[in-house]
Amino acid sequence: MLISLSTGSLFTLPLPRVFELAAAAGFDGVELIISQDFQKINPVKLIRSLQQITVIHSIHAPFMPLDGWGGPADSLRRSVSLAAECGIPLVNFHPPSWMGLEITYWRWLYSVTDFQKVVGMDGQVAVTIENMPWVGRMKINPNILSATHRMIEFIRDHNLFMTFDCTHMGSGKANFINDFYLFYETGRIRNIHFSDYGQGREHLLPGHGMLPLTRFLNHLRNTDYQSTVTLELDPSEFPKAEHIILESLKEILMYLRAETSKQNDAVLNYDRGFQAVPMPEGE
């Protein structure tokens, strides 16, 4: 399987620098989040320049309003068109929020009978929907399709693929592995967002939360999954010094490769979870 780095993990840095760090750490490529960097510029030209640094395995459609990108449905279609033009095989997007009253977007989502044909340009680009988190003290999931069985039914009925997010599922169910298998058995998972969760905080370093991530990776190793695992962390998990960021990325990548490689079953044991690179005082 491919191991990718989400640009959101380091969004406080300039986009080219994020790509350089991903390449220097040894990741197979990146997941590119369409962010404010894509306002009022030629997006194809920007992506072509970034592809000179390392491979883009996926695009994450905007999850916030951007000038010139329209609403959620328009921004998803534009992301897919951009991916097709630049040879990027996958685009991920978030479902509508019922709490945010995204009624128009909700109706559009249900009106699409075949996402791979209608949105994915007859299969040129794989279109994936992401499971979303439970938030707040009351543990409310403010998005539609929050129940596993309902999302499975929807992706089957509308020919959608899936990006499975560990921290999002873990925010509602600490032992999320069974739900992962329910999704996996559909044959529709094309990307996995990997990070930890604990005490109401999402996208933590592995070992900084309460999720059974090493056990999850061991299970994943024993499947036939051959798509992408994308490390998606909160930038606050990293120190400010770039040389320490790079060393941290290298260490996390070593952990991911060790726990997903079928050739290394007995080589490394991380039963206590990943331990992040210590951060010097003042960093």
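**View A. Leu145 counts as buried, at 5% relative accessibility.** Buried means under 20% relative accessible area, exposed means over 50%, and partly exposed lies in between (1.4 Å probe, protein chains only). The model is predicted, so that local features need pLDDT of at least 70 and side-chain atom pairs count only at pLDDT 80 or more, while totals for chains, interfaces and linings use all residues. Residues are numbered from 1 along each chain as its sequence is written, and side-chain values use heavy atoms, with hydrogens and water left out. Leu145 is found in the loop between β5 (126-130) and α6. Helices (H or I, at least four residues) and strands (E, at least two) are DSSP runs, numbered from the N terminus. Although Leu145 is not a glycine, its phi is positive, at about 65 degrees. Most residues other than glycine have a negative phi.

**View B. Gln199 also has a positive phi without being a glycine.** The phi of Gln199 is near 55 degrees. Gln199 belongs to the loop between β8 (196-198) and β9. Is Gln199 buried or exposed? Gln199 is exposed, and its relative accessible area is 81%.

**View C. Strand β2 (residues 29-33) is largely enclosed by the rest of the structure.** Five of its five residues are buried, so β2 is largely covered in this way. Strand β1 (residues 2-6) pairs with β2 in the parallel sense, over three bridges. Two strands are said to pair if DSSP finds at least two bridges between them. At the level of residues, Ser4 has Gly29 in β2 as its bridge partner.

**View D. Helix α2 (residues 43-51) has Pro43, Val44, Ile47 and Leu50 as buried residues.** Around the axis they cover an arc of only 125 degrees, which puts them on the same side of α2. The arc is that of the directions from the helix axis to the C-beta atoms. An α-helix has 3.6 residues a turn, so residues three or four places apart point the same way. The cover over the buried residues of α2 includes α1 (15-25), β2, β3 (56-60) and α3 (72-86). Contact here means heavy atoms within 4.5 Å.

**View E. In helix α4 (103-111), the buried residues are Tyr105, Trp108 and Leu109.** Seen down the axis of α4, these buried residues fall within an arc of 100 degrees, so they line one face of the helix. They pack against α3, β4, α5 (115-118) and α6. The face turned away from the buried side of α4 carries Thr104 and Arg107, which are exposed.

**View F. A nonpolar surface patch of about 820 Å² is made by Trp98, Met99, Leu101, Ile103, Trp106, Tyr110, Met138 and Ile140.** Met99 lies in the loop between β4 (90-93) and α4. Patches are made of residues with over 30% relative accessible area and no salt bridge, where like charges are joined within 9 Å and nonpolar side chains (Val, Leu, Ile, Met, Phe, Trp, Tyr) within 5 Å. Accessible areas come from the Shrake-Rupley method with a 1.4 Å probe, and for residues only the protein chains shown count as cover.

**View G. Helix α8 (residues 177-184) buries Ile177, Asp179, Phe180 and Phe183.** These residues lie on the same side of α8, because they cover an arc of only 155 degrees around its axis. What do the buried residues of α8 pack against? They pack against α6 (148-157), β6 (161-165), α7 (166-170), β7 (189-194) and α9 (213-221).

**View H. The side chains of Asp28 and Arg257 form a salt bridge (3.3 Å, N to O).** Asp28 lies in the loop between α1 and β2 and Arg257 in helix α10 (residues 242-260), so the pair ties together parts that are 229 residues apart in sequence. A salt bridge is a side-chain nitrogen of Lys or Arg within 4 Å of a carboxyl oxygen of Asp or Glu; by this rule, the count comes to seven salt bridges. Asp28 is partly exposed, with a relative accessible area of 26%, and Arg257 is partly exposed at 30% relative accessibility.

**View I. Arg201 and Glu237 meet through their side chains in a salt bridge (3.3 Å, N to O).** Arg201 lies in strand β9 (residues 201-204) and Glu237 in the loop between β10 (228-231) and α10, so the pair ties together parts that are 36 residues apart in sequence. Arg201 is partly exposed, with a relative accessible area of 42%, whereas Glu237 is buried, at 6% relative accessibility.
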